[in-house]
Amino acid sequence: MRKLRTLKVLFFSRSFKGTTLKRIFRIGFLTILSLFLCQTNILAKKAANPLNSEISNLEDVTSGTQTQQTVSISGKIVDVSGAPLPGVIIVVKGTTQGTVSDSEGKYSLANVPGNATLQFSFVGMRLMEIEVNGQSSINVTMEEESIGIEEVVAVGYGSLSKKEISSSIVNVNKENFQKGAVSDPVELIVGKVAGLNIDGSSTSPHSTSSFQIRGATSITGGNSPLIVIDGIAGGNMNNIAPQDIESITVLKDGASAAIYGTRGANGVILITTKQSAKGVGTFEVSYDSYFAINLMHDLPETLGYQEFIEKERSIDYGYHDDWLGELKRDFSFDNNQYISLTGSTDKSRYSVSINYVEKAGLDIANASKQYGARAAFSQKALNNLVEFNTTFNVRGVDADTGANGITRTVTMNPTMPIRNEDGTYYHPTTSTGATNAVENAKDVTDGNNQLYVLGTVGAKINIINKDRQTLTTSVNYTIDFNNRKHYYYLPSTHATSAWNGYAGQASLDHSRYWLEQFEWTVNYTLDRNDHLLRAVAGYSFAEDFSENMSMTNYDFQFDQFLYNDMGSGSYLAAGKADMSSNKESSRLVALFGRVNYSWKDLLTATASLRYEGSSRFGSNNKWGYFPAISGAWEIANMPFMADMKDVVNSLRLRASYGVTGRRAGGNYQSLQTYRSRNQYFMDGQWVVGYAPSKNANYDLQWELGVATDIGVDFDVFNRVRGSVEYFDRRSEDLLYTYTAPQPPFLYSSILVNLGSTKNTGIEISLEGDIMKKGDFSWIMNGTYSSGKTVLTKLSNDVYQASYLDLYQRGGLGTSEYYFRIEEGGTIGNIYGYEHAGVDENGELLVYNKDGEAIPKTAADNSDKRYIGNTAPKHFFSWNNNIKYKNWDLSVTCRGAAGMDMWNGQLFGIGLKGSTSENVLRTAYTTYDYINSDGAILSSFFLENGAWFKIDRVTLGYDVPLKSKTYLKSMYWYVSANNLHTFTGFSGIDPSTVTSIGLTPGISGTSTLSATQITLGASIKF
């Protein structure tokens, strides 16, 4: 106690010389330290290992009789940025002698044997051991725990160390996230996970990424993975700021995803958010900011003004107005500002953040502003027996979502005027319903207001809390709320009003979605030397609701009220206004459990089971079982590998099997529902009649996923790490609408579980330390995946379908589809005509069913055949991270290959015969010998779609600070996104064309694309 009083005097005598903030910090630190020191005698008796997080005795004592010379040691402990680390535990290895660093990271130890070894440990930092060798001063720089076999990875309903994982799970933490402007959290891990294929967002302020794991396997049920945010399944990524995310974990195989039952068939993405500052008694303020400008790429080269007149493509109106200049925003940018406060004591943790995002799109009709706030808090009570926690997120979005007119300028008549001589907008009459793109952008009111709320409250009870045995139980309640309002007003002066004979159109749409979820889990851990057992069991109840209403009215006396006076439109009184509303709900109930067992760091096995029921399914199939099992063998730890330990650090063979589900289809699909029909005159009054709206299917159930996975993880030469795996995914009982026999069914179609698909492939991840020398390091990593999905079953004796036609081609009166898939066929097969050249009149020829070349106008459906496949066979990424002193450079590249791609640009505006007013310049150069239009699904328009893209380059600088008193770190970076795409494809940038789903590789006429340059900073106080 004398030492404690002396420490108090010294501490307070220094603190009064500092600022108020420093006083508060030191007082808080002293309080924690005092409580800690008061319990050291009790802790010393219980300590079985001096490396425990609680030091058993902070007095300077020696163990046993010391005959060698002793020394007194002092020093300072900092992190890699130079900031002092308080609370670091320093122990003389093999003894109970130790101490804790103070608020300035300083420590001292007396009577230390000259040949002793000091151990330095801190939560989240790598354990360090330093030999004394008679030294009296030892300063230490501690590094954060690097990714390795001890890394803790989030899995469904818990976490495991990496060495305990026996299924296909990949974790990416925030240190490895992409820097720069991102539209959604998934863009943080572009190119980081083999098998996770991401179609990046467009330049629109409202766009988000599309992504899938290991290919598309469902016909109608969707192929997007389940998103889980801090344990909330089905969470909305729009609710969180990317800066709030600590890590993203991808569950790729059936064994890891089976714990989520009927929602796990497409894989699972777990997002873990920031909870508190690292360490006890810490407080940190973080400020992240970036500003990005968007530099628009060139539009397709169509005929210029003079060329257009010379080629007599259409009417010469005599004007040369700047349509693009009127539609393109002078300065397109993204502005993202984020600030957070995090801290902790020995009993509580907290994190508070606010975020502002402003996006101004390339076209003047699109922009958005987002306002977000988040708070997370946890508190221990009753001598750490109970821990309460709560998290609250709220985000509001105001968006202008008008029509994008820039791409329309590509194909329009360049001689057409924007405005009449009197200043009013010119209304084109080239086709029925034609409008003025500038008028659409500037005079039409079109926007959204959205509100996202995500809140969780929970409690955890530590029933058993021993060093080698723990038993806890947790309960939490969550609500996820999304409110959206869409408003629209088209004025009476607009071309559409003139075409339809009314004065203005107004509409309002209002939708709400909310999810309520309750979960109760029990976690148990038992560590007995060579045996480690972890188990979790739980109950989950979730109910979601959605409701929406919409109204549209026409013909208003005044435009000034916009959509705020809906009842004044004359169409309402005439009974011609539109009005609708509906409400839906569904429930999901489950019991689940998982057991994980490890033996001697050699063998690991995991088994799980989920029993789940959903109100969406038919009365005959409400409930289902979803089992999974996996195992891993660490070959490198076997006795026969002992002589190769310096070469083979880890060599893990793993295999898994899991059954998952897909809760496909909408609500009430299994039930007999009714809808209103005509009115009938009965008993002197008009009565609305109701009738069945569809055929009921009481056998309707989830789509079933059965997956196996075999993989090898390796770490060799202390510099090369990676994995290779093979997967086989079978989707059964797929939902599809078939022709129903009549009778007994009332209607001619019915939704049935019947089809099946098979998806197989390989994935490779590789990372290597190319060079680590002095202040220079170069780490290279890459991913590769290849897969194929085959439709294995489509019909049975009752329900027949010869094939599936997908993605109808646009155009007036067309009934063609790009894709056809038969049993045994592959996803992505294009069904059309095989190109046979060009005749002497410049007309396209195709082969008929007899192999003869005929004009395209003479071909019919019987001449069609499979002409290509647009699903990429190969996805790959290549990343480089280079560091030199305070500088770092990262380069991310990715690509796809092994597929055809439909050239919609050539098809729509690439030939002289095109019905479009303006066409590509190459129509009169490269393809001048062709006189016909496209207007046919011919292999002439298919090209090799392979591409390789420099996706993102980031250069950063960590500013060296002489003093860390107020400013802990300052990091600046400049980033360029979407730099260049290398390809032989002659249409639009193929990297902007969807490469996932059931209908990949169909490019359009033109697209908005931009290089984004970002300047950002990350500052910690």
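Q: Where in the secondary structure is F617 placed?
A: Helices (H or I, at least four residues) and strands (E, at least two) are DSSP runs, numbered from the N terminus. F617 is in the loop between β27 (603-614) and β28 (623-634). This is a predicted model, in which local features need pLDDT of at least 70, side-chain atom pairs count only at pLDDT 80 or more, and totals for chains, interfaces and linings use all residues. Residues are numbered from 1 along each chain as its sequence is written, and side-chain values use heavy atoms, with hydrogens and water left out.

Q: Is F617 buried or exposed?
A: Buried means under 20% relative accessible area, exposed over 50%, and partly exposed in between (1.4 Å probe, protein chains only). With a relative accessible area of 2%, F617 is buried.

Q: Which residues does F617 touch?
A: Contact means heavy atoms within 4.5 Å. Not counting residues up to four places away in sequence, F617 touches T262, K622, R663, S670, L700, Q701 and W702.

Q: How many helices and strands does the protein have?
A: The secondary structure comes to 11 helices and 49 strands. The radius of gyration of the protein (taken over C-alpha atoms) is 33 Å, close to the 31 Å that the globule rule gives for 1021 residues, so the protein is as compact as a globular protein of that length. That rule is 2.2 Å times the number of residues to the power 0.38. The C-alpha trace spans about 105 × 70 × 65 Å along its principal axes.

Q: What share of the 1021 residues counts as buried?
A: In this protein, 50% of the 1021 residues count as buried. Among contacts between residues at least 6 apart in sequence, 68% join residues at least 24 apart.

Q: Which residues have the most contacts inside the largest nonpolar core?
A: In soluble globular proteins, nonpolar side chains tend to be buried together. A nonpolar core is a set of buried Ala, Val, Leu, Ile, Met, Phe, Trp, Tyr and Cys residues joined through side-chain atoms within 4.5 Å. The largest such core has 38 residues, and those with the most contacts inside it are Y738, Y818, I830, W902, L911, F940 and F941. Elements that give two or more residues to this core include β33 (720-739), β34 (749-773) and α11 (904-909). Apart from this core lies another, of 23 residues, among them V186, I229, I269 and I271.

Q: Which peptide bond from Q742 is cis?
A: Most residues other than glycine have a negative phi, and most peptide bonds are trans. The bond from Q742 to P743 is cis, with omega near -15°. The bond from P743 to P744 is cis, with omega near 15°. P743 lies in the loop between β33 and β34, and P744 lies in the loop between β33 and β34 as well.

Q: What is the phi of D555, and where is D555 placed?
A: The phi of D555 is near 65°, a positive value in a residue other than glycine. D555 is in the loop between β25 (531-554) and α10 (570-573), and counts as partly exposed at 26% relative accessibility.

Q: What is the phi of N978?
A: N978 is not a glycine, yet has a positive phi of about 60°. N978 lies in strand β48 and is buried, with a relative accessible area of 10%.
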